[in-house]
Amino acid sequence: MTAALAVPLLVGIFGTAGALIRFTVDGWLAGRPSRRRHWPWATLLVNIAGSFVIGVSLGLSSRLGAEWHAALATGLAGGLTTFSSWTTATVRLVSEGRHAAAALNIGSNLLAGLAAAAAGIALAGG
């Protein structure tokens, strides 16, 4: 198999895996009964995990090779993370008048995502 064909195939396989993981996390958390108001925990968790995966991939990129970096960063993390769900959840919180929760959602995704990416890079020795 040529590299030109291998990279899109790897990205597709890993992207499918990332999307299925995200679907599972969302279903698991959505299925838990709670008296509390909605909070986008699943989105926060997958965005942190995806930032960590990209950080590890970046830290290992010189040892992994371009095709595996693409598979992990673009495929797995791309399928796992969700900018659109994060922004939609934030808009939903604002529309419910929960401005502090919306600000917390923005800040927690940004700060935890940055910390996870940095931890992934550091862990991988990058």
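Student: Which element gives the most to the lining of the second largest pocket?

Tutor: In this predicted model, helix H5 gives the most to that lining, with five residues. The space in the second largest pocket comes to about 210 Å³. Its lining residues are Asn47, Ile48, Ser51, Thr81, Thr82, Phe83, Trp86, Asn109, Leu110, Gly113, Leu114 and Ala117. The elements that supply two or more of these are H2, H4 and H5 (99-123).

Student: How many charged residues does the lining of the second largest pocket have?

Tutor: One reads a lining by the class of its residues. The lining of the second largest pocket has no charged residues; six are nonpolar and six are polar.

Student: How many residues line the largest pocket, and which of them lie nearest its centre?

Tutor: There are 22 lining residues, and those nearest the centre of the largest pocket are His38, Trp39, Pro40, Trp41 and Ala42. The largest pocket holds about 590 Å³ of space. By class, its lining comprises ten nonpolar, six polar and six charged residues.

Student: Which helices each supply at least two residues of the lining of the largest pocket?

Tutor: They are H1 (3-30), H2 (41-64) and H4 (83-95). Of the elements, H1 gives the most to the lining of the largest pocket, with five residues.

Student: Arg98 has a charged side chain. Is Arg98 buried or exposed?

Tutor: Burial is judged by relative accessible area, and the cut-off for a buried residue is under 20%. Arg98 counts as buried because its relative accessibility is 13%. Arg98 is placed in the loop between H4 and H5.

Student: Which residue does the side chain of Arg98 join in a polar contact?

Tutor: The partner is Glu96, and the polar contact between the two side chains is 3.1 Å. If neighbours within four places in sequence are set aside, Arg98 is in contact with Arg37, His38 and Leu93.

Student: With which residue does the side chain of Arg92 form a polar contact?

Tutor: That residue is again His38, and the polar contact between the side chains is 3.5 Å. Arg92 belongs to helix H4. With a relative accessible area of 40%, Arg92 is partly exposed. The C-alpha atoms of Arg92 and Ala102 are separated by 8.3 Å, while the two residues are ten apart along the chain.

Student: Which residues of H5 are buried?

Tutor: The buried residues of H5 are Ala101, Ala102, Asn105, Ser108, Asn109, Gly113, Ala116 and Gly120. Their cover includes H2 and H4. After H5 comes Gly125, with a positive phi near 80 degrees. In H3, the buried residues are Ala70, Ala71, Ala73, Gly75, Leu76, Ala77, Gly79 and Leu80.

Student: How far apart are Phe14 and Leu72 in sequence and in space?

Tutor: Separation along the chain and separation in space are read together. Phe14 and Leu72 are 58 residues apart in sequence, and their C-alpha atoms are 6.7 Å apart. Phe14 lies in helix H1. Beyond its neighbours within four places in sequence, Phe14 is in contact with Trp68, Ala71, Leu72, Gly75 and Leu76. Phe14 is partly exposed, with a relative accessible area of 22%.

Student: How many helices and strands are there in the chain?

Tutor: There are five helices and zero strands, and the pattern along the sequence is α-α-α-α-α. The C-alpha trace spans about 50 × 25 × 20 Å along its principal axes. Of the 126 residues in the chain, 33% are buried. Among contacts with a separation of 6 or more, 75% are between residues 24 or more positions apart.

Key. Residues numbered from 1 in each chain as written. Predicted model: local features only at pLDDT ≥ 70, side-chain atom pairs only at ≥ 80, totals over all residues. Heavy atoms only, no water. 1 Å grid on protein atoms, 1.4 Å probe; cavity = no way out; pocket = protein on both sides within 12 Å on 5 of 7 lines; lining within 4 Å. Points joined across faces, edges and corners; volume = space filled by probe spheres on them. Helix = DSSP H or I, 4+ residues; strand = E, 2+ residues; numbered from the N terminus. Buried < 20%, exposed > 50% of the residue type's maximum accessible area, 1.4 Å probe, protein only. Polar contact = N/O pair within 3.5 Å; in protein donor to acceptor, adjacent residues only side chain to side chain. Contact = heavy atoms within 4.5 Å.
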